[in-house]
Structure formats: C-alpha cells, structure tokens
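Subject: Structure for your review

Hello,

Here is the structure I said I would pass on. My notes are below it.

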Amino acid sequence: MSAAPILALDRLTRVFRRRGGDPIRAVDGMTWAVTPGESVGYIGANGAGKSTTIKMLTGILRPTSGTVRTGGLDPLRRRRDVARRVGVVFGQRSQLWWDLPLRESFTILGAIHGLPREQVRRRSATLVEQLEMGDTLDMPVRQLSLGQRMRAEIAAALLHAPELLVLDEPTIGLDVLSKQRLREFLRAERAERGTTLLLTTHDMGDVERLCERILVVDHGNLAFDGSFPALAATVGAERVLVVDLAAPTPPLADVPRTRLLAVEGDGLRQRLAFDATATTAAAVLAAVSARAEVRDLTIEEPGIEDVVRRIYSASR
Amino acid sequence: MADLRTDLHAYRTLLTARVRAQTAYRVSFATDVLGTLLVGLTELAEVYVIFHNVPRLGGLTLAEALMLFALANISYSLADMLVGHLDTLPAFIRAGTVDAFYLRPLPLLAQLITSDISLRRFGRLGVGLVTFGIALRINEIGWSGRNVVVVGLAVLSGTAIVAALFVCASALQFFLVDASELTNGLVYGGAYASQNSTQVFPNPLRVLFTYVVPAAFVAYLPTVVLLDLPGATLLPAWLGWCSPLAAAVAWGVALLLWRAGTRHYQGAGG
Amino acid sequence: MRGQGWRRDVGVFWVLARAGFRRYSTYRLATFAGLVTNTVFGLIRASILLAALAAAGTTIAGYSDAQASSYVWWSQGLVASVGLFGWSEVSDRVRSGDIAVDFARPLDPQVAYLAGDLGRAALQALARGVPSVAVGALFFGVSAPQGPAVAALAVVSVLLGVVISFGCRYAVNLTSFWLIQNRGVQLVYMVASGFLAGLFVPVHWFPDWLLVVARCTPFPSMFQAPIDLLSGRAGLGEALPILGVQLAWAAGALALGQLLTRRGRRVLEVQGG
C-alpha cells in the first residue's frame, strides 16, 4: 500500500508583522513531507521557525501562504479530526491538569477523546509501566519533578494512540539519565506501533540517537534534509577537547590529528579541535597527557549554530 | 449522535473534575461562599437604601423592585457560575496555555466554559433565591401555569443573555489582550443596567439597554409581565415574552464575535 | 548625617512614586477603555439618582438634580484614583513568595508601596479622572468647589482619601500571610467599601442607622469626603472637620498596616521566606 505522507508542507510561509519594524518571515516557503513511520528531527537555532511550523501543522496558527496537510487534512478546517490523530508535547507548557492527581488527567483526556473507559485504563497502565511512572499516578501534577512531568506529558499525548507524535523541545532541562530513558521509550514505541515521530530540539544528542532523518531549519528556510551520517559528513564531525593543565604550558600545536583553536591563561587552558571520524577523544587525551599533566577536561559538541554555519559554508 | 454523546460525556467529566478540585479546599471554599453571600446582601442593601428615600423608583414599588432584584441576581449568579471564569482568558493567552485547547478534539469555547465552574458564587445566588421567595409572598404571586412559564423563561433567558455578554467580553480579549477594561464597560455596564428598572433611563439609554445590549430582557421586562405591570415608553409590556428571542440573538452575536476572535488569534501570531 | 538620611528617604519616595506613575501610563489602550467604562457607569448611576429624585418630587438630603449629577461625575472621576476597584498586587507577591524581596530592601515595604500607589493615583487622576469630569461637565453640568481656598483643601482631601484607601487595601492584601486564599476577603472589602464609601448613592442618603455604621468605617472619609468638597456641597467651615477626620483615619489605617507588616515579617522569617 503506497504510503500517503502523514505530513506535507507545500511552500508553507508564515510572516509576522511587527509594529515599527520589518516583517519577520518565521517560515519561508518550506516544502517537505514525512511518510508514516519515519522519525524526523527538526532542528534549528532559537527563532529559526520550529515552533511556528508546529503551530501551523496543528491548526493553532494560520499560514500566510502555502499549505500544510496533517494526516491528509487541513488543520485549520479539520482541527478536531487532526487532534484525534496527532499527539503533541510542548516541552515548556503543560497540557495536564495542574492540581489534580495524574490519574485524573488520563481519565479526563480519555473522556475528551471519546475512548471507552476500559481502553483508557489499559492504555494508561501500559504507558505508565513503560515510562516507569507507577508511583506518580496519585500525585498532583504540580508536585511532579520535571523529568516525571515530561514523561507524564508524553503518556498523555500517546493515550489516544495517535499516528503522529510531535515533540517540541521535550528534553529541555532534563538530566542525562532522564533523557536517555525517554529516548529509549520513544524508540520502543516507534518499533512497536509504527508511530511517526517529529521532534524539534536544539540538543544534537537527541537527534543523533533518535532520528533517522534530519531537517535543519535556518531563518525559516530548510537548510538540510538527510540522514545524520550525511549531516556529519557535510558538516564535519568536529568536536572540541578543552584541557585544563596543571602548569602553564606552551601551545600544544603538534598533537596529531588535532587543530589548536585557542590558548588561555598563559597556556593553562587549551582548546583542541579534532575530527571525530579520524580519531577519538580518548586518543587525543592520551596524546595531550604525554606532553603535559592534565588537571581537568571538557568535551564540546558543535552547537546548532555551528552546524548551520557549516552547512552553508560546505555548500559554497 | 454518538459524537455528541461522547462530547457531552467529556464536558461532564471536565466539570466534575473541577468541582472536586474546588471543594477539596474546604476552608477557602467556605470563606469564598461567605464572601459572595455578603456581596449579595450589600447589593440588596443598595435597593433598600434607595427605597428608604422614595416610594417608587422607575415605576416600581419596593415589593416589585425586590422581584426585579431577585430575578436579576439569579440570572447573573448562574451565568457567573457557569461562564464567569472566562475573564481569565487573557492570562491563558499570555501564558500560551490556550494552545493546549487547540490540540484537543473539542470546540474551543466549549472547553473554556467547562474548564471551570465557580461554585463559590453560590453565596450570592442564595441571597437572590431567598429574596425571590420573599418577593413572591409580598407580591402575592401564585404558582399558576402562566407564572411558572414566565419565571422559567426569565431565568433561562436571563442567564443565557448574561452568559452571552461574558462570552462577548471574552471574545474581545483576543483582539485587545490588555484592554479588558473596554469589555468591562460592555459586560458589567450591561449587567448593572439589568439589575435596575429600565424605566429609570432616559429614552436614548433605554434603547441602548433594551435593543442594543438586551439588559432589559434579563429581569425588568419579565418582572413587568409576571406582576402584570403597565408598560412604558419604548418598553411595551408584551416584550417580556420575548426574552428567549433576545437570548438567541445575544448568543448569535457572541458566537460570531468568538469566531472572529479565534480567527484573529490564529492569524496574528498564536 | 541624620539630616542627609531624611533627604535621601524623600528622594527615594519620589523615585518610587514616579515609577508608579510611569507603570500605569504605559497602559494607553486600557486607559481609553477605562474612560468608556467610566462614562457608561456614570450614565447608569446618574439615571438612577435622577429617577429617584423625580420620584421623590423634591430634594433628598439636600441633593437637587444638579447636585446629584455633579456628585455622579466627580465620583466617577475619583473612583479609579482612590482605588475602589480592588488591588491585589501585594497579595500576589505574598502568595508567590516575591514579598521576601520587598522585605529584604532597606526601605519599609509599606512606605515603598505607598509611594507607588500615590504615583498610580496621580496618573489615574490625570488620565481617567480629568476626562471623566470633563465629560460630565460638557454634557450634564458639574458644580465646582466653593472658592479657591476650598478647592485647595479639596485637593488635600483627595490626597488623604488616597492614603486612607491605600492603608486599608494594603492591610487587606497582607491578610494573605495568614489566609492562603484571601479572595473572599478581597471581594467583601471591594463591595462593602464601595457601598459604604458612597459609590452607589451618596452616604448622606443612608438611613440614620446605616449612616452611623458607615461613619464608624474609614470608607466615607476616603471617597465621600473629598467629593463633598469638590462638588461644592461642603464649604470652608466644614472643610477643616472633614480633613481632621480624614487625617485620623489615615493615621489609623497606616498604623494597622505597620502592625501587619511587622507580623508578616515574622511569618516570613519562620517560614524561611
């Protein structure tokens, strides 16, 4: 059976008029489609147009021009039908009932979606087990920690078994362990039920581990559409090792397969860039330790602004 | 039809959840109810103070004015209970919480209305109900079929009209988020006008508060019909039977404004 | 050195008052909207009072048609300044815990808020008060104070009215330290204070027993008193007693506020802020 796209944008544009300023083209003529079952990372810097796109595909915002079809439907005209087939999690806004026990939020959402009570009970039990939330069901939502709340939001978004799950910055503020557990859950959910995943984030770690396909958006335009390895190849998988040395040391310019970026504090701190495909952080660290005593170290990943910049410079 | 039934079930679930949440804070709830009770008594005192100085106001004696007060209070209190929380819409819009409503498969206005029910306003309603009982006695109104119909229509239509005013005020918030004052003029002015005999107004204002904002239909006109009072300039007695029509028109306007408001919200930037 | 401190405090007071003024001046659309509301309510109230006078066939408590109309428009002019619409800024800060910041500052919180409130009152007197009275004067006729001396005293009376109102509102707000939800208290205060202050009908129309009750509260002093002077109902002879009573209430309200501030500070210290 040919897969009709579950999400289709055609020259989608959204312009914001500002008082006493130029209009902002938050989304500028974007055209792309997502087939059912894909997992797509939608990344870009703050203000690049990610949230605006999400709002348009859920019917919260009206496009200035162009079209968007979610599940084949126009989200403005068929908002309620779209709502039945999509689940959305906003990282910074809650959709749960603040002062009621979590259990009640599920009951209410079940009633809102018109799900039979037995089905709601079974589904929420499954989700609760998979997300390891057993002890939080009777707690008022406002008492949950951020990690617990995010898991609750995702469970709530999945309650009505949507075909498409949209996550807007879901791992913001979470610690490393919570992020990992969340990513594993999403992978399992996709594997089991074929749910399409659209994830916006500016955490490259999310993208690398969760998404088969990446859309990079910059100032409302699509800058890149491909897989993560392709992105890494285009952008270069360069990481930066920052070493704090025990004593002032002359610049470490001769460490193999590295590039010295900067020397601070008279040689106490040095920044070395290396290609992650050519060598490893451990190897670089070993080479540096052979030349000087290392007191402390940090590893920096390329931020999203770097990635975007490099996409553009690579295409020239 | 199955769709409507699931929707109604959804609304009922939302409301009962709110009822539970409210009555959980028992002391706060009790003081709130007491507070609104005192508000009701103060409003009754206002009627009393006027009639201490004059035998009639706006063509009504004290006994008749009490009936008007009771009907106005009941309608306003019920509308306030069901829909009064719409004045928190600006806060929702600012916080972005409105978006959550868009993501659910129910109409936006219905979700907002069922998102809360202010049981605490029952204190004020209590004053109105008691006054109604007293007014029935001192005006010697029997429970004839006609009277039951008049009172029933009055309360239903009156509540609907005041609720429609609230919805209009709320819809305007989509356009003017910080200008809730403007809507105060409309909503509370109309509500205030509905608690008084429309006869106190000079003709231009009578037109405004009868045929533009249907304040007269909430309590004054039904009172005229119920107590068999003569009509006045621009206010024929039989208009009292038209309250349901006024309510329908009011809701028509409210829903139009609401649609315009949500379209503006979706167009302006979410 | 001590003289220096006194002048600095006044400087701080003035800065805070100006900040209060500026805060409220940014709500331009709200100000216009407020004017519309004011006018609508003024029209309704004037209609009620004039109908009552027509039904009475004579003056009531010394109010003729013209005086009743004057009373309505002066009171619509003052209602926002005197703060009869309710105010919960301090309550909100107590609930959110931000009040700890206010207590940590070297300036007494009550003084700081008083300064801000005076700024607000000044702005609203200009932005809403003056236009409201102008509307009344243009279309209905509004009477003036009995001479320049009374006019000057009237201004002082308004100022005192604002201070009394602030003192009471501030005290009501502070009950948030002891009541988790003081919404009921706020509501009762707003409605009762409006009624007893003469917002619905002039206090002079109250039956005797209610008049006694009202006089035992600060409310007539915060509203009816300055209006009597502004509308020319009270002359030079009555001005001084009126101001005297106002001064007493102002002192009392502020003292209550100070007491509650100290108690509130202790609550904060116990809870850990």
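Predicted model: local features only at pLDDT ≥ 70, side-chain atom pairs only at ≥ 80, totals over all residues.

Chain A

The secondary structure of chain A consists of ten helices and 13 strands. Its C-alpha trace spans about 70 × 50 × 45 Å along the principal axes. Of the 316 residues in chain A, 38% are buried. If you take the contacts in chain A between residues at least 6 apart in sequence, 67% of them join residues at least 24 apart.

Domains of chain A

To the contact between them, domain 1 of chain A gives ten residues and domain 2 of chain A gives eight residues. On the domain 1 side, strand S8 (213-218) and strand S9 (221-226) of chain A each supply at least two residues. By class, that side of domain 1 of chain A has seven nonpolar residues, two polar and one charged.

Chain A against chain B

In the contact between these two chains, 24 residues of chain A meet 20 residues of chain B. Three helices of chain A, namely H1 (50-58), H2 (79-85) and H3 (102-112), each supply at least two residues of the side that touches chain B. The largest share of that side, five residues, comes from H3(A). By class, the side of chain A that touches chain B has ten nonpolar, six polar and eight charged residues.

Two backbone angles in chain A

Two glutamates in chain A may be worth a look when you go through the torsions. Glu132(A) has a positive phi of about 55 degrees, although it is not a glycine. Glu132(A) sits in the loop between helix H4 (117-130) and helix H5 (146-158) of chain A. Glu169(A), also a residue other than glycine, has a positive phi near 55 degrees. Glu169(A) is found in the loop between strand S6 (164-168) and helix H6 (176-193) of chain A.

Is each of these residues buried or exposed, and how many other C-beta atoms lie within 10 Å? Glu132(A) has 12 other C-beta atoms within 10 Å, so it counts as exposed. Glu169(A) has 20 other C-beta atoms within 10 Å, so it counts as buried.

A helix in chain C

Helix H7 of chain C runs over residues 148-174, which is 27 residues. From its first C-alpha to its last, H7(C) reaches 39 Å, close to the 39 Å expected at 1.5 Å a residue. H7(C) is mostly covered, with 20 of its 27 residues buried.

Nonpolar cores

In soluble globular proteins, nonpolar side chains tend to be buried together. Here the largest nonpolar core has 148 residues, and those with the most contacts inside it are Ile161(B), Phe166(B) and Val167(B). Leaving aside residues up to four places away in sequence, Val167(B) touches Val83(B), Leu86(B), Ala254(B) and Trp258(B). Another core, of 71 residues, lies apart from the largest one. Among its residues are Leu57(A), Val82(A), Phe90(A) and Ala10(B).

Regards

Technical notes:
Residues numbered from 1 in each chain as written. Chains lettered and ligands numbered in written order. Contact = placed C-beta atoms within 7 Å. Helix = DSSP H or I, 4+ residues; strand = E, 2+ residues; numbered from the N terminus. Nonpolar A, V, L, I, M, F, W, Y, C, P; charged D, E, K, R; others polar. Expected span 1.5 Å × (residues − 1). Core = buried A, V, L, I, M, F, W, Y, C linked by C-beta atoms within 7 Å.
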